[in-house]
Amino acid sequence: MKDVSALMDGELDPKLARSTIARVEDQDELRAAWATFHVIRDTLQGNAIGPSRFIERFHDRLEQEPVPVAPRWRIPRPGAGALALGGAGVVLMSALIVWMSGAHRDTRRPVDAPVPAAVANRLNGAIAVEYAMGHRQLNPAFVVDDFARSSEVRPPASAQEAAK
Amino acid sequence: MSDREVDHQLVLRAQRGDKLAFELLVNKYERKLQRLLSRLVRDPAEVEDVTQEAFIKAFRALPTFRGESAFYTWLYRIGINTAKNYLAAQGRKAPTTADIAPEDAEEASGDDLARDTNTPEHEMMSRQVAETVNAAMDALPEELRSAIMLREIEGMSYDEIAAIMNCPIGTVRSRIFRAREAIAEQLRPLLGTHKDRRW
């Protein structure tokens, strides 16, 4: 119950807070403490309201309610905006440093060199499978393997001749 | 985890279909919301009905809550709209102070509520709760009383209270808890907060 008291004061570390919330939900005794401690808070702050069956009535109504569908939005954690902005800044700075140092240039292979056929096949095959999977979601009859095979990139005939 | 983050956690759980998490939010805000709505809807029984309706609407609207404002700000907005719609449906006009900002609800004194929901029975029950809490506060040892007053009335953090009382944070946490427990002990018979009741 000491953790319930600290939880309602916003004074628990996040991990302990989450586990305490779970325990409050599970244990009647902790839930009663949560409710009573809030009555005390409201009373000390000048909002005394006599005992009523408010929460019991509400519970009965809530029982009749369907569970709401999954959230359409991901709620940003308070302060997460600043964190995300900071993260974006770090990424941007890293990209700038890499670009300025010229490390982005691939020195091992001339830009115009052809991609080896085997690599191209594997890459295109993966893209094709992903594309096909997307279509399969729309049309279950769609055969992914056949599509992937049919879209493999084959080396040009001249290259095959040369290989022989 | 701050108070707002605790609400955020409870909302996330409720959005995943955890109704108990939403009931914890109701436990937390029912009196504040009733106080706010009593400034629009005067009759205590009606205030309770409208408050219930507002919580149900909030529950249904949970999937649309994006967390851009604090949960209570969002809830209070729903509450005020619910009260206005209720009055309009009855052909009654909301008082001129209808556009109450959530922060107004925080600032209004408890006397406002007592005046607004002024039926003898309701007033007597509210007074009983207040007197029980005050008597329990008076009976507390000085260090417990100071700790809970600094927290609940001055709104100080444990850090700030520790600095003022010149003691470790752990001691502050313990004193505040012991104070709440001692007051709760006196309140329980009045509130009926036993294990067999739903809270």
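Tutor: Start with contact: two residues are in contact if their C-beta atoms, placed from the backbone, lie within 7 Å. Keep in mind that this is a predicted model.

Student: Which residues are in contact with Ile176(B), leaving aside its neighbours within four places in sequence?

Tutor: They are Ser5(A), Ala147(B), Ile148(B) and Arg151(B). Ile176(B) itself sits in helix α10 (residues 169-191) of chain B. Take Ala147(B): in sequence it is 29 residues from Ile176(B). In space the two are 5.8 Å apart, C-alpha to C-alpha.

Student: Why does Ile176(B) count as buried?

Tutor: Count C-beta neighbours. The cut-off for buried is 20 or more within 10 Å. Ile176(B) has 26 inside 10 Å, so it counts as buried.

Student: Which residues of α2(B) and α3(B) meet?

Tutor: From α2(B) come Phe22(B), Val26(B), Glu30(B), Leu33(B), Gln34(B) and Leu37(B). From α3(B) come Val47(B), Glu48(B), Val50(B), Thr51(B), Ala54(B), Phe55(B) and Phe59(B). By class, that contact has nine nonpolar, two polar and two charged residues.

Student: Why is α3(A) called roughly perpendicular to α7(B)?

Tutor: The axes of α3(A) and helix α7 (residues 120-139) of chain B cross at roughly 95°. They come within 10 Å. The perpendicular class runs from 65 to 115 degrees. The crossing falls in that range, so α3(A) is roughly perpendicular to α7(B). Ile40(A), Thr43(A) and Leu44(A) of α3(A) make the contact with Val129(B), Ala130(B) and Val133(B) of α7(B). Those residues divide into five nonpolar, one polar and no charged.

Student: How many residues of chain A are in contact with chain B?

Tutor: 59 residues of chain A are in contact with 66 of chain B. On the chain A side, α1 (2-8), α2 (14-26), α3 (28-44) and α4 (54-64) each give two or more residues. The most come from α3(A), with 16 residues. By class, this side of chain A has 31 nonpolar, eleven polar and 17 charged residues.

Notes:
Residues are numbered from 1 along each chain as its sequence is written. Chains are lettered from A and ligands numbered from 1 in the order in which they are written. This is a predicted model: local features need pLDDT of at least 70, side-chain atom pairs count only at pLDDT 80 or more; totals for chains, interfaces and linings use all residues. Helices (H or I, at least four residues) and strands (E, at least two) are DSSP runs, numbered from the N terminus. Ala, Val, Leu, Ile, Met, Phe, Trp, Tyr, Cys and Pro count as nonpolar, Asp, Glu, Lys and Arg as charged, and the others, Gly among them, as polar. A residue is buried if 20 or more other C-beta atoms lie within 10 Å of its own, exposed if 12 or fewer, and partly exposed in between; C-beta atoms are placed from the backbone. Axes are lines fitted to C-alpha atoms, for helices over the stretch in contact, and angles run from 0 to 180 degrees between N-to-C directions. Angles under 35 degrees count as roughly parallel, over 145 as roughly antiparallel, 65 to 115 as roughly perpendicular and the rest as oblique.
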